[in-house]
Amino acid sequence: MSNIPPDLQYAKSHEWLKRESDGSVTIGITDYAQNSLGDITFVQVPKVGAKLKAGETFGVVESVKAASDLYAPISGTVVAVNTVLESAPETVNRSPYGDGWMLKLKPEDGTATGLLDAAAYGKLTG
Amino acid sequence: MSELKRTPLRDFHAANGARLVDFAGWEMPVQYRSILEEHRAVRRAAGLFDVSHMGEVDVQGPAAGAFLNHFVTNDVSRLHPGRVLYTPMCYPGGGVVDDLLVYQRGAEDYLLCINAGNIDQDLAWIRGQVSDFDVTVTDRSADYALLAVQGPLAAGIVQALTDADLGPLKYYHFTEAAVAGIRCLVSRTGYTGEDGFELYHRPGDALALATALLEAGRPRGLELAGLGARDSLRLEAGYPLYGHEITADISPLTAGLGWTVKLDKGVDFVGREALLAEKRDGGARKVVFFRTGSRRIVRPETPVLDGTDSVIGRVVSGTLSPILNESIGSAIVAAPAASGPLKVDLRGEIIALQVVKPPLVELRKGSGG
């Protein structure tokens, strides 16, 4: 069974997002996604300042087994990236919702559509 | 889809957390915990692999040795009882039918170990070579399970379970011995570049043997290792995998396995003429191994480009080396281009391939037999 924290929102493309108290949004990939990919060997995310558009690819996550695109669950501007993943991408396997976060966005208003809550995401991956 | 074949250890793998996948029609463990961790465990201590899907064939009779020497490229006449030989067998055009291990058990008694995905094709091919040779060819694949214990601590782990003295058993030699009380053909061979053993035994004994090896090995750092780690270990060692570096369309000379092709062994073996011509004229293509300096894995079928961006070949194997901490692989390229520069385009990112002579990491064992 994969871990699906109840306080996060989810995209059908297996990214999670967390709304932080400062208004920013943290994004990563789910436990289900990291487990499906297996050993993660490379994570590529845009630089701080990049503008992401909901539904478009913003990076790539690669494992021994496969390469998979990352999709922006919402639109916004990148305000932080997790540089730990450059040298230790396996952190995503160990801690997909914690130390393995990928980036933080300053979201544009009213762009979040089609996001799932934990129960709905659980059904999708169950 | 037809039902997957299972080794006697299928439930053992599942109980140990394996991720089971379809490999050549077999339900096999690709990994237990992590391919990269299992790989490191084999280089650091030891790994236990179930490779019972491999095929076994008895070749017996007065002409057994001559028969084998007629269709394999290496020289079977150099064997003696207790010795193992690695060899390709080729089509008349020089392409590879399969690569295999030949065990000589007695003057008229040989055992072949062949790739799981090629068992039916190999048997048909081998039987098609019999002609007037006084031999019998018997598929024994269902009669053997096969466990590989590989790594710098493998010898100590297996030695602890047997009264036989494994010290004098040299690389590419084998003996019969009881391991954990189970009758085994103990072969000092492997596919990882480490010291180690491959233990052929009866399928009914597989669970007891695997359990004994795991219990004896765990305190020394042995881990269960799946086919994922097996593949990355063999690629680091620079060993070919059928369907990748060697195929029906890639000869052993093209693949850099010239040491296994004994053109002068005094037998007009199948494929000799074509291989002789390839050696004389130089092959049009060449398999090269490479490092990238990048963590991005360069996957099979990726086009390989030369300095002018012309496609001059394709990648045939690629993975991340957990030892080098960069991606490695092999490619088949036009021979004149092999001296480089070579590169690939991974969705806009250009990665230079640094051609290196295998093995790609320092090994305790040589890169051959």
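**Figure 1. The loop that holds Ser77(B), in a predicted model.** Helices, in runs of at least four residues, and strands, in runs of at least two, are DSSP runs numbered from the N terminus. Is Ser77(B) buried, exposed or partly exposed? A residue counts as buried if 20 or more other C-beta atoms lie within 10 Å of its own, and as exposed if 12 or fewer do; because Ser77(B) has 14 such neighbours inside 10 Å, it counts as partly exposed. Leaving aside residues up to four places away in sequence, Ser77(B) touches Gly65(B), Asn69(B) and Lys265(B). With one of these, Gly65(B), the separation is twelve residues in sequence and 6.9 Å in space, taken from C-alpha to C-alpha.

**Figure 2. Helices H2(B) and H7(B) where they pack.** In general, two packed helices are described by the angle between their axes and the distance between the axes. Here H2(B) and helix H7 (residues 227–237) of chain B pack at an angle of about 60°, and their axes are 8 Å apart, which means that H2(B) is oblique to H7(B). The crossing in which H2(B) passes H7(B) is right-handed. Which residues of the two helices meet? From H2(B) come Ile35(B), Glu38(B), His39(B) and Val42(B), and they meet Gly228(B), Ala229(B), Ser232(B) and Leu233(B) of H7(B). Sorted by class, this contact is made up of four nonpolar, three polar and one charged residues. In general, an α-helix has 3.6 residues a turn, so residues three or four places apart point the same way.

**Figure 3. The surroundings of helix H7(B).** Eleven of the eleven residues of H7(B) are buried, so this helix is largely enclosed by the rest of the structure. The buried residues include the charged-class names Arg230(B), Asp231(B), Arg234(B) and Glu236(B), and also Leu227(B), Leu235(B) and Ala237(B). Around them, the elements of chain B against which they pack are strand S1 (19–23), strand S2 (26–31), H2, strand S3 (46–50), S16 and strand S17 (326–334). After H7(B) comes Gly238(B), which has a positive phi, near 80°.

**Figure 4. The side of chain B that touches chain A.** Ten residues of chain B are in contact with six residues of chain A. On the chain B side, the elements that give two or more residues are helix H2 (35–44) and strand S16 (311–321), and the residues of this side divide into four nonpolar, four polar and two charged.

**Figure 5. Chain A and the loop that holds Ser95(A).** Chain A has four helices and nine strands, which follow one another along the sequence in the pattern β-β-β-α-β-β-β-β-β-α-α-β-α. A compact globule of 126 residues would have a radius of gyration near 14 Å, and the 13 Å of chain A agrees with this. Of the 126 residues of chain A, 40% count as buried. Among contacts in chain A between residues at least 6 apart in sequence, 61% join residues at least 24 apart. Within this chain, Ser95(A) lies in the loop between helix H3 (91–94) and strand S9 (103–107), where Ser95(A) is partly exposed because 14 other C-beta atoms lie within 10 Å. Ser95(A) and Asp31(A) are 64 residues apart in sequence, yet in space they are 8.2 Å apart, C-alpha to C-alpha.

Technical notes
Residues are numbered from 1 along each chain as its sequence is written. Chains are lettered from A and ligands numbered from 1 in the order in which they are written. This is a predicted model: local features need pLDDT of at least 70, side-chain atom pairs count only at pLDDT 80 or more; totals for chains, interfaces and linings use all residues. Two residues are in contact if their C-beta atoms, placed from the backbone, lie within 7 Å. The radius of gyration is taken over C-alpha atoms; the globule rule is 2.2 Å times the number of residues to the power 0.38. Axes are lines fitted to C-alpha atoms, for helices over the stretch in contact, and angles run from 0 to 180 degrees between N-to-C directions. Angles under 35 degrees count as roughly parallel, over 145 as roughly antiparallel, 65 to 115 as roughly perpendicular and the rest as oblique. A crossing is left-handed if the near helix is turned anticlockwise from the far one by less than a right angle, and right-handed if clockwise.
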